[in-house]
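This briefing covers charged pairs and a surface patch. Please look over the sequence and the structure before reading the points below.

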Amino acid sequence: MYFIGITGGVGAGKSEVLSFLQKNYNAEVLHSDDLARQLETPGHACYDIIREEFHDDDIWGLDDASHPGKPRIEWKKLADLIYSDDAKRQKLDGIVHPAVKEEIMKRVETARKAGNVDVFFLEAALLLEEGYDEICDEIWYIYASKEVRRDRLKKSRGYSDEKIDSILKAQLSDEEFRHRCQVTIDNSYGLERGFPDVKKEMDRLLGNNGENRMIEVSEEQKAGISVPEGSELVYSLDIGTRNVVGTVGYQDGEDSFRVVAMSSREHKNRAMLDGQIHDIGMVADIVRKVTDDLNEQLGFRLHEVCIAAAGRVLRTVTTRVEMDFDEETVVTGDDINTLDLMGVDQAQRDINLDGGPYRFYCVGYSTMKYYLNGELFTNLEGHKATKIEEVIIVTFLPEDVVDGLYSAVERAGLSVMNMTLEPIAAISVAIPRNFRMLNIALIDVGAGTSDICITRDGSIIAYGMIPYAGDELTEVLVQAFLVDFDTAEQIKKDSTEKEEVTYDDIMGISHTISAKEVWKLTDPVMAKITDAVGEKIIELNGDKPVAAAFVVGGGGKVHGFCDHLSRKLGIVSERVALRGEEVMKNITFPEGVKKDSLFVTPIGICLNYYEQKNNFIMIHFNGEMMKLYDNGHLKIVDAAMQSGMDTAELFPKRGKEIHFLVNGEERMIRGREGESARVMMNGHEASLNTVLIPNATVTITGSTAGEEGSLRIENLDEFTKAFVSFNVNGTKVRCPEFVEVNGQLRPGSYEIKDGDDIETRSYYTVGQLAEFMDVEPDPDHQILVNNNVADLNTLIYENFSIEWTLTGNGYTKPEEDTGDREEDIENTPEEEKDTDEVTESEPTEDSSTDDGDVTGDEKSEQSAATERTNSPDIPATPLTEEAAADIPKKAGNEIHVRFNGEDVTLSGHLDYIFADVLAKVNFDVNQANGRLALTKKNGAKCGYADPITDGDDLVVEFVDREL
């Protein structure tokens, strides 16, 4: 089955082409937009996330009939929302795009395995932008000229030229489409002429012109491969320093494996050193050629591959983990897998504590022992337990080793299905499980490294590696015989099989030498290698020799290797043996393929897949590779947690709280919430709940803390709702209670600080009352409080009676008063005629019009002197001279307002109130003539003490009083 992507500009006729393909060929067609719409409906992958993220947006309609309580998305409203809000569009894309891609890949894989269609077509608006060109077999560009597309869009959709221009401008150019797509279908006249280009490409794909028709891995039966039920074909690559060996086969029964195709190629140049890739492009080229060989043998294309890693810097960690159950529980396979994952996680944390220059990646693990309720068990599954434990050995390689392998394989057009360690793979073949009760060492001698693993008591107890192997021997022959590396390799091989070796040196001179002459040169190097291997084995085995050793790999075939290793280990030579054909008794090879120790590792890679398949997926997380246990519903948050990322980095953090007291009662204001972590998957916005895709690249930028909690005094209920009332010249005046912070009076604009002790004060001084009312008591007349002579410093409480005579001017501070102003108010109106009392006819700014007690019909809104109500227009708390002196002076602020239609500029203060304008324009209140003065700011009623800002429109007008 082919997987073909269809793309092209709007109006090119993609839908018509796909309809033609679906009707005339054995093809399946999937429109990504239709799939996205489906996933956004209740009961599907994206709905709940969208519901959570867009809950407060106006995009929701009636409840879905089959999902009560879950309203359906109204698509038109959603489109309007994301069109007008780029942040919302990015958030939606981050939810939907990854889920759509994952679902597409699932459907493609299902179609492959079912084998019911020849071609799977995918149509997507952002096919290239979303990276589908990397996973599709081919991308077809459906082309039509701009004139044709414009005509189609006008006729079919009624688009205007302006709209068509904007659409065409936003899409990729014809040149870019052609450059990035493998096939161009000219559909300018496709419908009228029967889609000739489409037919031509389908003939090419399906082999109708005489070419062999390709099939996919899911169609083994058509290729004559009979795979047993429950098994599957596996493709493995052993990417070695000298050779790349590819093997395709399947498990034929519990203890046997059948190889259906093999291919081996040598690197032409030294693209790898010591098991590590140095030239990714060259290795990718060899991998591609091996894969092509196998495709030709099989008659179908391979897409996924299993690989193994090795390298100079191999590290192992042995750790013990346990899992407790709340009650006695039957242990399942998932429980054991979870236990394995816990072991891998613990080992990862342990190795990270060591520091060092390398970033390590887990490439394999082996369970050494299982414990059931504290007792040693060989298999936990099916037993009842309250606690299970395991001792696990986890192997790590530097991340750059693993990255190089992945890059080479992906460049060759393959995706990694499973990854293990080379000695783990080799031991799967070379040492059967029933042998692992013995203390045995396996040495895989390759070209660049010699990998070691040791068994005892039924499990693998240690892994190791030394950076000496077959290439060390070859390099000696290069220098001694003046030949290139490949010729030296051939000399080395021939010396193990023939008595005489013939070769040509770089001068073109032919030589014939005995094998013993070769041995004489290689023996010292071989002894160095075996000494190092023997020492490593003894070290890994607890400073004692093993009972036996098996050698695999081409490097172990060199003369004297096994004999010298036996002497180093101090065991009889019969117990150190080269393992080859005898370990492959249960492995069936294709006709004509000779069993060889070279095939031990690639076959072991296949067998390892059956043991660990589908248990793990691999991703790149914040620049590091991770292996995650795949429980079927992995999300990005799972990767973040396994990476050790602090949960505080994932979710918005609130700023610091502030705690304070109000009249002895404890209060707390929470800090503001910060920004959530920014989550990206494969370059697109995602969320922590986005489902992970194998091999995805995920980055998370940590969340931020919000601002510290903040509150002004003017926002306290005690400030806006607590009042004290006085009877002034027979009129009831209600004033907000003063607020003291830590014993000092503070204005309403004061920012409460952590630990503040706030008290409301239920009294005024006479002077503070006058300042609040913005009036000036006449100093030549007595002030009476409750009929007793008083002065401006006399304290007055709830319902106290105050009688005074006013000058008629706005309240003016004494000359020595510094207050909260930086300069005295100038240009005040001339002093009005003294009166003994304030009557209804006096148009003073803050005199009341009410007689007697306040009622529901009071006229407080008509004058600033009437009773103040709980409204947004409460003036700031007045200050005493002492309190004002404690407030730092701030630079002046210039504002421009309009007053009664004229422009007025105020300067010299940071903040301004309505009365400041009256002082500036010398407003004469005598023009009231018994009428009521109304003050307005921007058309709304206000008081004389209300704050004003730049651009405000202020008005004072006089209206007749209501009788």
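**Salt bridges and a nonpolar patch**

K289 is partly exposed, with a relative accessible area of 28%. K289 belongs to a salt bridge with D285, in which the closest N and O atoms are 3.3 Å apart. The model is a predicted one, and it holds 33 salt bridges. Side chains of opposite charge can pair when their charged atoms come close.

- K289 and D285 both lie in helix α11, which covers residues 280-298.
- The two residues K289 and D285 are 4 residues apart, about one turn of the helix.
- R178 and D174 are 4 residues apart in helix α8 (residues 174-180), so about one helical turn separates them.
- R178 has a relative accessible area of 37% and is therefore partly exposed.
- D174, with a relative accessible area of 25%, is partly exposed.

- K528 is partly exposed, at a relative accessible area of 41%.
- E472 is partly exposed, at a relative accessible area of 23%.

**A network of charges**

- Which residues are linked in a network of salt bridges? The network is made of D58, E74 and K77.

**A nonpolar patch on the surface**

- L482, I506, M507 and I509 form a nonpolar patch on the surface.
- Together, the residues L482, I506, M507 and I509 have about 420 Å² of accessible area.
- Where does M507 lie? M507 is in the loop between β24 (500-504) and β25 (510-514).
- Is M507 buried or exposed? M507 is exposed, because its relative accessible area is 60% and the cut-off for exposed is over 50%.

Technical notes
Residues numbered from 1 in each chain as written. Predicted model: local features only at pLDDT ≥ 70, side-chain atom pairs only at ≥ 80, totals over all residues. Heavy atoms only, no water. Patch = residues over 30% accessible without salt bridge, like charges linked within 9 Å, V, L, I, M, F, W, Y side chains within 5 Å. Areas by Shrake-Rupley, 256 points an atom, 1.4 Å probe, with all protein chains shown as cover. Salt bridge = Lys/Arg side-chain N within 4 Å of Asp/Glu carboxyl O. Buried < 20%, exposed > 50% of the residue type's maximum accessible area, 1.4 Å probe, protein only.
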